[in-house]
Amino acid sequence: MTQLSSIADPGPLIPASGRTIVIPARRLSFARRAIGPVAIALLWGLTTGLGWVDPSVLPSPAGLGEGFVRLWTEQDLLWQVGVSLARALTGGAIGMAIGLALGTAAGLSRLGEELFDALIQMLRTVPFLALVPLFIVWLGIGELPKLLLIALATCFPMYLNASAGVRNVDRKVIEAARSFGLAGPRLIREVVLPLALPSLMTGLRFSLGVSVLVLIAAEQINASAGLGYLLNNAQIYQQVDVILICIVIYALLGLAADLGVRALERVLMPWRTGIAAR
Amino acid sequence: MLNVVAPQSWRKASASAATLAPVSVRAERLTRHFGGRPVLDGLDLSIHAGEFVALLGASGSGKTTLLRILAGLDAPDHGEAWTPRARTVVFQEPRLIPSRTVWRNVVLGLDGAAARRDRAVAALAEVGLSHRADAWPATLSGGEAQRAALARALVREPRLLLLDEPFAALDALTRIKMQRLIASLCEAHGPATLIVTHDVDEALLLADRVLLLRDGAIAVDRRIDLPRPRRTGGAAFDALRTDLLAELGVAAGV
């Protein structure tokens with residue numbers, strides 16, 4: 001057909017368009033997220049309601065509701081959760097502050113990394129439960145060992161994320177900031193930490209989660225109130241309903257922490273909201 | 001050691017008069033090794049106030065190393081360089097801080113009255129970007145981001161402006177606009193300017209003087225007396241272009 005020998009034959013043509021990407025409607029997003037939990041709740045109601053499961057193994061929704069009312073009125077559940085949250089947030093704040101400071105130092109300087117990275121990597125694999133008897137021996141049975149245990153546990157996730165986040169901040173941007181006269185604490189405050197914020201927020205998420213998890217260990221130490229105290233007692237007396245209620249409370253706390261961090265991200269990182277839409 | 005030499009203002013009268021102007025940059029026997037290989041090898045250089053100097057050279061010839069030494073971002077192994085205290089850099093990438101709005105990027109590191117919004121906006125107006133003062137850097141186009149970086153350099157009223165391939169990452173049309181902008185801004189403010197580039201046309205469009213770096217030293221130092229405003233093409237332009245390309249090891253085109 002053609003006179004030119006150097007023209008490559010394109011062969012039969014195919015449609016150029018790929019598959020259409022279907023983006024699910026935004027307004028049904030919540031409903032889709034709820035499918036999983038609702039399905040589990042339905043299954044639970046069905047199996048316990050039909051008597052397939054022994055109530056002492058898994059109470060029915062109604063039985064759990066009664067247990068909840070009992071906990072709320074007789075044991076002042078709200079106050080217990082408040083005590084636990086106060087412990088978790090106080091200890092967590094101390095731990096995260098330490099983790100942030102050490103992580104920033106390790107991420108910025110070789111010296112910082114050499115000084116305490118190995119130590120922290122060793123300590124972070126120690127289980128909290130193993131530390132409880134040690135803390136009792138060293139620090140007694142007051143509030144201090146509980147707070148320090150929580151602080152220690154929350155320090156590690158923040159350290160790991162802060163050091164990785166700071167290390168990954170674009171060196172070229174830091175160099176430019178230096179060439180425009182920024183140095184020392186001001187460079188860290190105005191450039192390094194804002195750019196590491198996404199990692200710091202991940203650290204915050206993990207640390208908040210750990211801060212309530214470690215309550216179980218911390219409130220073994222002569223506690224008379226709190227989520228960990230309730231769980232430890234329920235474990236001793238085999239109160240399945242109390243354990244389940246505590247688990248639900250943990251789930252709700254986790255959800256609240258996640259929503260809180262998301263809101264905080266929007267407030268602290270306004271420059272990222274514009275990018276997501278692009 | 002980097003010291004200060006005559007940071008006084010100097011208005012450029014003409015390209016040839018610039019040789020009589022005070023010295024803005026003096027470098028003596030600069031040597032810098034990387035991994036045993038000398039990138040700069042006893043380099044001498046002086047640039048006068050108001051002079052626009054283009055630094056050409058093949059990849060890895062040490063152009064950027066020289067600029068970084070003059071910017072105070074790197075130190076020579078031997079030799080000394082003196083520059084004005086007020087020196088600023090525009091890098092190949094804009095290097096804006098994503099967490100600060102454009103105008104806060106412009107006044108980055110400044111204090112007090114110098115860090116005021118109106119000063120930043122005035123500098124942004126000079127590069128035609130005042131309407132984006134409150135935008136986030138991530139929402140800027142490549143050309144806009146580079147103009148913001150230029151405003152950040154100009155707001156400091158530099159006596160030495162160092163440009164490290166500032167247009168290399170821009171598209172061809174934006175590059176032409178940016179070249180004109182730089183030429184007019186340097187004419188208006190009159191700093192000594194050193195632009196690192198591998199683009200011979202760019203060097204000939206902008207510079208009063210073209211330096212060519214080879215084997216760690218200045219191999220060619222040529223004054224460019226083409227009339228301004230300049231455009232590519234024309235016999236004189238083409239002759240200079242062919243010469244410089246030959247010096248860079250590129251034979252005349254087919």
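UniProt positions follow the numbering used here, and a UniProt annotation may be inferred rather than shown by experiment. The model in these views is predicted.

Figure 1. In an unreviewed UniProt entry, residues 81-261 of chain A carry the annotation "domain: ABC transmembrane type-1". This span is 85% helix and 0% strand, and its end C-alpha atoms lie 20 Å apart. The annotation "transmembrane region", also from an unreviewed entry, covers residues 34-53, 77-102, 122-141, 147-170 and 236-261 of chain A. Among these, residues 34-53 are 80% helix and 0% strand, with 25 Å between the end C-alpha atoms. Residues 77-102 are 100% helix and 0% strand, and their end C-alpha atoms lie 37 Å apart.

**Figure 2. Helices α3 and α6 of chain A pack against each other.** Two packed helices are described by the angle between their axes and the distance between the axes. Here α3 covers residues 77-108 of chain A and α6 covers residues 143-167 of chain A. The angle is about 35 degrees and the axes are 6 Å apart. The crossing of α3(A) and α6(A) is right-handed. By class, the residues of the contact of α3(A) with α6(A) are 19 nonpolar, 11 polar and 3 charged.

**Figure 3. A:D76 has a positive phi.** A:D76 is found in the loop between α2 (61-74) and α3 of chain A. Its phi is near 50 degrees, a positive value in a residue other than glycine. Most residues other than glycine have a negative phi.

**Figure 4. Chain B is divided into two domains.** The UniProt annotation "domain: ABC transporter", from an unreviewed entry, covers residues 25-240 of chain B. Over this span the chain is 31% helix and 28% strand, and the end C-alpha atoms are 25 Å apart. Domain 1 of chain B is made up of 28-41, 51-86 and 158-237, while domain 2 of chain B is 90-157. The C-alpha centres of domain 1 and domain 2 of chain B lie 23 Å apart. In the contact between them, 15 residues of domain 1 of chain B meet 13 residues of domain 2 of chain B. On the domain 1 side, β7 (160-164) and α5 (172-189) of chain B each supply at least two residues. The most come from α5(B), with 5 residues. By class, this side of domain 1 of chain B has 11 nonpolar, 2 polar and 2 charged residues.

**Figure 5. Six strands of chain B form an open sheet.** Strands of a sheet pair through backbone hydrogen bonds, either parallel or antiparallel. In this sheet the order is β6-β7-β8-β4-β9-β10 (chain B), and the pairing is mixed. At the edges are β6 (87-90) and β10 (217-223) of chain B, each pairing on one side only. Neighbouring strands of the sheet are turned against each other by 20 degrees on average, direction ignored. Within the sheet, β7(B) and β8 (residues 192-196) of chain B run parallel and are joined by 5 bridges. B:L163 stands opposite B:I195 in β8(B). Helix α1 (residues 63-70) of chain B lies across β4 (52-57), β7, β8 and β9 (209-214) of chain B. The helix α1 of chain B runs at about 145 degrees to β8(B).

**Figure 6. Strands β2 and β3 of chain B form a hairpin.** Strand β2 (residues 23-34) and strand β3 (residues 37-48) of chain B pair in the antiparallel sense over 9 bridges. B:F34 stands opposite B:R37 in β3(B). The hairpin has 2 residues between the strands, and B:G35 takes a positive phi near 60 degrees.

**Figure 7. The peptide bond from B:R228 to B:P229 is cis.** Most peptide bonds are trans. For the bond from B:R228 to B:P229, omega is near -5 degrees. B:P229 belongs to the loop between β10 and α7 (235-247) of chain B.

**Figure 8. Chain A and chain B are in contact.** Chain B contributes 14 residues to the contact, and chain A contributes 15 residues. The side of chain B that touches chain A divides by class into 9 nonpolar, 3 polar and 2 charged residues.

Terms used
Residues are numbered from 1 along each chain as its sequence is written. Chains are lettered from A and ligands numbered from 1 in the order in which they are written. This is a predicted model: local features need pLDDT of at least 70, side-chain atom pairs count only at pLDDT 80 or more; totals for chains, interfaces and linings use all residues. Helices (H or I, at least four residues) and strands (E, at least two) are DSSP runs, numbered from the N terminus. Domain bounds come from an automatic or database domain assignment. Two residues are in contact if their C-beta atoms, placed from the backbone, lie within 7 Å. Ala, Val, Leu, Ile, Met, Phe, Trp, Tyr, Cys and Pro count as nonpolar, Asp, Glu, Lys and Arg as charged, and the others, Gly among them, as polar. Two strands pair if DSSP finds at least two bridges between them. Axes are lines fitted to C-alpha atoms, for helices over the stretch in contact, and angles run from 0 to 180 degrees between N-to-C directions. A crossing is left-handed if the near helix is turned anticlockwise from the far one by less than a right angle, and right-handed if clockwise.
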